[in-house]
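Hi,

Here's the structure I promised to pass on. Have a look, and then read my notes below.

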Amino acid sequence: MDLLLDSDQRDFRNDIRAFLDETLTDDLREGQAQMIGVYPEPEISLAWQRKLHEKGWAAPIWPVDFGGTGWTALERFIFESECAQAGAPLVYPIGIRLVAPVIIAFGTPEQQQQWLPRILSGEDYWCQGFSEPGAGSDLGALSTRAVREGDEYVINGSKIWTTHAHHANLMFALVRTANTERRQDGISFVAIELDRPGVDIRPIISIGGDHDVNEVFLTDVRIPVGNRIGEENRGWSYAKYLLEFERGVGLFSGRLRSSLKRVEATLPSAPDMAQQWRIAEVAMELDAFEMLELMTVGTLPTGAAPGPISSVLKLRASRLKQAIGELAIELLGTEALRREASTRSNIVVSDYLNSRAATIFGGTAEVQLGIIARSLGGL
């Protein structure tokens, strides 16, 4: 592919920059700069999403008929890169980038009309209910059960590592609706309103000191059968479709580059030659990853899932995030031992601590390697 922008693409980039200059406030930039968890807090991410929604830019990967932008994949890459370089908040992706493509592809017209506009506007804030205490990397082992009674499902079980469940009003979840010989065949994909009786959300404080994830207990929670997305017992297929969007269309390189710049900005003194070499090593790895993203995501049709290559992108992005965190600790030296909430060094140290989970959440590194070996390596 041609990496040089043509005149129309340069004009597009200039329009993005003009919008960012006009719309992005210092408070929003600072909110993103202070982020140490997986996503910014809702008062930051939703404030930015609403500005994008007003402009019609909140959901670039959606089809135009549902509120998407109609951008090419390369234009979306330009947009994401410019937002990251400008310090714009990360748009909370669980609704827009994860569950929305499933609703668009497999939901009923009524579900699309009910949920998609509210996802775009930020009125509905979703969380993801996949992992369980006994079913993390092996989601086929999940035991949360939904038993049908008339026009309702009665759900019992629990979900864990549920990011931003304490902020969300809706959770999409995988639940067991049948006992089958192949465990994955008895799973359904449902939406659960979190204000229903029987839902109990309990915080989990991360090693970085923030409250980002939770455990969600479900005791005799009743939902309408109409909250099931797609066919009963076909949820495993929908989950695999969703995970391709989670792992492969996030365009990570811009945010990773922004993280590297944040590390450099926190150094207590100018880096010596050895430190400059370490920074250059990570920067070169990031350059190579950016080219990989452009070669894969940059050539996809708008709204398309990337397929098994998403595992390669997810694995490389996770390891790069950890490499940037490790670089920060190495460069800070003894300064990294100071944990004063007001210091910038504390932010990058907390980010480093939380980055240890990057090769676990969204599918462990081992799972990604297995997918790569089977799907791309023919093993």
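**What turned up**

Helix α10 is followed by Gly333, whose phi is positive, near 60°. Helices here are DSSP runs of H or I with at least four residues, strands are E runs of at least two, and both are numbered from the N terminus.

Before going on: this is a predicted model, so local features need pLDDT of at least 70 and side-chain atom pairs count only at pLDDT 80 or more, while totals for chains, interfaces and linings use all residues. Residues are numbered from 1 along each chain as its sequence is written, and side-chain values use heavy atoms, with hydrogens and water left out.

Back to α10: this helix covers residues 309-332, 24 residues in all, and reaches 35 Å from its first C-alpha to its last, close to the expected 34 Å (1.5 Å times one less than the number of residues). It's mostly covered, with 17 of its 24 residues buried (under 20% relative accessible area; exposed is over 50%, partly exposed in between, with a 1.4 Å probe and protein chains only).

Then there's α12, residues 365-376. Its end C-alpha atoms are 15 Å apart, which agrees with the 16 Å its twelve residues should span. Ala365, Gln368, Gly370, Ile371 and Ile372 are buried there, and after the helix comes Gly378, again with a positive phi, near 70°.

Gly150 sits in the loop between β2 (145-149) and β3 (152-160). It counts as exposed because its relative accessibility is 54%. From Ile36 it is 114 residues away in sequence and 45 Å in space, C-alpha to C-alpha.

Cheers
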